[in-house]
Amino acid sequence: MQQGTLMRKVKSKSWKKQRYFKLQEDCMTIWYQSKRTGKTESAFSISDVETVREGHQSEVLQSVAEEFPPERCFTIVFYGRRGNLDLIAGSAEEAQCWVQGLRQLIELRAFPLTFALVSRTWIRDWFQKADKNKDGRMNFKEVQRLLKMMNVDMNEDHALRLFQDADKSESGTLEGEEFVLFYKALTQREEVLSLFQEFSEDGKKLTLLELVDFLREEQLEDEGTEELAMELIDKYEPSETARARHVLSADGFLMYLCSLEGSIFNPQHRALWQDMSQPLCHYFISSSHNTYLIEDQIRGHSSIEGYIRALKRGCRCLEVDCWDGPNGEPMVYHGHTFTSKIPFREVVSTLGKYAFKVRHPSPGAGGRGWCSVGEDTWQWWVPGGGMVLRLTHLDPRGQGLWVAQSASLSPTSQELKHKILLKGKKIGRLEDTLDGPGDEAADVSDDDNGAEAEEERRRAKVMLGGGAPIRRYPTRPSMGQHGYALQKDKETLAQALSDCVIYCKNVPFRGFQEARSHSRPSEISSLSEAKARKLIRDEGNEFVRHNAWQLTRIYPSGMRTDSSNYSPQEMWNVGCQIVALNFQTAGMEMDLCDGLFSQNGCCGYVLKPPFMRDKETLFNPSDPSTREGPSPITLTIQIISGQQLPKVANSKEGAIIDPLVRVEIYGVPADQAHQETKYIENNGFNPRWDETLQFQLHVPELALIRFVVEDYDKTSRNDFVGQFTLAFANIKPGYRHIHLLSKDGTSIPPSSLFVHIRITE
C-alpha cells in the first residue's frame, strides 16, 4: 500500500483511531497519518524504540482483549518516559510483518555503530528535513534554513563560501555527495585535528608508535598499549590501505575519540566488574518507591509499566502496595488515595517475566496495605513460583543455602541470585524458625511516630537481593481471611507467609545501641528521609557502622505528593543501601541514581567502599579526615567543545541556544561543589569553551560527577539541554567525549562534549 499499513492506534477501550503507518526509506523513521485527513500526525525513530511486545501485553490492549485477538495486537515501547504505542493490525500476518521487521531493525541498531555510520545517518536526516520541496537537491536558501535547524548562527558570506566549495557541479544546488562535502566542511573539528597533529610527525597520519605515545601520555593507558593501538586501528581506521600499514588517519582518530573506547566512562566498568560475594548490606541497591505509580501520589495512574520500566532500568527493590479488592481479589494501589488500581496477579505476573532480565541479581519489592494475600499466591501467580525464597531453600545438609551462622552473617548477592526476597513482618527470628515453627506473635510496631510512621506501618516489601529481589509485602488483612487474623489491637501472622520472610524481617528502629544489642543481620528497618537526616546530623559514624552489618531502607516524605525526590547522595554517604526514589520523576536525583548504577553491568548493585563495610569504622561523612586511605585528590576538567547540541524543547522557530556547561560534584559535604563555563552566544552546533575547572575531592569513593549543559537566559532560569552523570570511580582520564542524555535519561546522539580529564594527588 502506497500510503502505508492501515492499523488501529489504541489509547483506551473507547479510543481506537485508524492510522496509516509507513517505514521511511532511511529504515530509521516511521511516520503515521490520519486515515480521515491524510495529515501526518507524528513520527518516531527506530533509535527511540526499546522493544516490541506481541499480544495483549499492555493494560490498554488487555482492555480490548475480547474484541481483538492477541495475534493482531502489539505494543511499541519507547525509551524513557514516552508513552507506549498500542496497535492492532488488520490481520495476524500484518502484525507479524511489523513485529519481526521492527525487531530486526532494533537488532541491527544494537550492533556497535561506527562514528561514520552515525554521521551518515545524521547527514541524511538533516538533508531530508531541509529539502522542503523534496526534489533531492538543496539550494542556498534551504541550506540557510538548515543551519538554523542545526543550532548554527553562521555568517552568510562564510556559509555561501562553504556552499560554493561543495557545489562541484556548479549547479547552484547540492545533491548527494556534494551535501556530504558541505556537511564535512561544516563539522570540521579543529580542536581534534590540532591534537592529532601534535602527535603526528607529518600531520597526516599517526604511526603505530605515535598512537602508542598518545595512548600512554594523554589517555594514561599503561597496560598492553601496543595491542590496544592495533585494535583501535583495525576497528576505527576507515581506509583499508592505512589499516594494512598499521597507521591511523585523522578520520580514524576522530572515530576512536567518539567511540565507547574514547568515552569518559571506563568501558571495563560497564560490565560486571565488582566482587559479588559480599553480604547484601555491603552494597548500594537500586530501589524504587511506590513502583506502580507513573504520576503523582494522590490521583496518579497505577500501571504495570511502572514495574517494567523500573526493572529494565536496573531497579532491584520494588514496592507492591496490596489491598483487598472486589470479590476478595488483591489490588495494588496507593491506599487512602484516588490513584487507579491494578490486579495483584498482573503485578506478580509482570515481575515473573521481567525480574531477572537484568544481568546479575534478582529484584526485591515491598508493599503496604490491608490484604489477604497468602504464600500460595506467589506459588501460583509468579511463573515458576520457586523464585520466592522459602525455608525449603535453606538446606543445612548443603543442598541449598547454608544458614547455620545466619544469626551473625547474611547471605551474599551471588548466593541469592535469581531469588525474590520478601521484606515484611515475621514470626520470631530466622534461627528460631530454622529450629522449628515458632508461636511468637509477629511484632507489628514500626520505626517512627506520626503520620509517616503510620503509613510505613502498613508496608512490607519485595527485594531482589544481591542476586535476589526485594519487594514490599502487605502486612494487614481483612478479618477472617487466610493471610492474617485481626485480634483487637494485635495481628497474628500466617506461618506460611512468615516463612517467606527470610533475610528481610521488618523491625522497628529504636536507636543504634538497641540495634547492636538485639537486632540481627537478617533484619531491616525503614526510615523516613527526615528521620534519616536527623541521624546523619547527630550520629553519622554510628549510622555508617550500623549499615556495615544491617540493611536500612529510606523512603520519601509523605508530603511529596507530586512524586518529587530527595537527594539520595546524603543517604549513600552513610551507607544506606535501599534508598527508594520515585523513578517516574526526572531530575537531578534520578540522574544521580542512574549515574551510580550505570556501572557493574547495570545489575542494580554497587559495592560500597571498604571503609563503609567495616563495623568498627571511624568514618563520618561530616568529617572527611576520618576516612582511612590516600590524601585528597584533585580533579581537573578542561571543557573544550560541544558537538551538535539539541535545541531546547518547545523553543521558537529559528531560535539558537547559548550553551554553557556546569560541572556538579555530589558526595560528602566537604566535596559538594559546582563550577560552570561562560556561555557561547548563538552556537549549539560546535561551541568552543576551552575553560578549565578544578575540584578537590576528600572522599572520591563516594563522589558522583554530573555534567550539565544549559541554554543561558539572562532574564529567566536557564533551560536544560542535556546531562551525563557518573561515579568518580568510573572516570577514564585523558581526552574524552561525554555522550549527553536527555532529561529522562535517554541518549541524544550525536550530542556530546569534548573534555580533557586529569586526576592528581
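How many aromatic pairs does the structure hold? The structure holds 17 aromatic pairs, where rings of Phe, Tyr and Trp (its six-membered ring) pair if their centres lie within 6.5 Å. Planes under 30 degrees apart count as stacked, over 60 as edge-to-face and the rest as tilted. The model is predicted, so local features need pLDDT of at least 70 and side-chain atom pairs count only at pLDDT 80 or more, while totals for chains, interfaces and linings use all residues. Residues are numbered from 1 along each chain as its sequence is written, and side-chain values use heavy atoms, with hydrogens and water left out.

One of the pairs joins Phe-44 and Phe-78. Their ring centres are 5.1 Å apart and their planes stand at 80 degrees, so the pair is edge-to-face. Phe-44 lies in strand 4 (residues 40-45) and Phe-78 in strand 6 (residues 73-78), 34 residues apart. Helices (H or I, at least four residues) and strands (E, at least two) are DSSP runs, numbered from the N terminus.

Phe-196 and Phe-253 form a tilted pair, 5.6 Å centre to centre with 55 degrees between the planes. Phe-196 lies in helix 7 (residues 190-199) and Phe-253 in helix 11 (residues 250-257), so the pair ties together parts 57 residues apart in sequence. Phe-196 is buried at 1% relative accessibility. Phe-253 is buried, with a relative accessible area of 1%. Ring pairs link Phe-196, Phe-199, Phe-214 and Phe-253 into a cluster.

Conventions:
Buried < 20%, exposed > 50% of the residue type's maximum accessible area, 1.4 Å probe, protein only.
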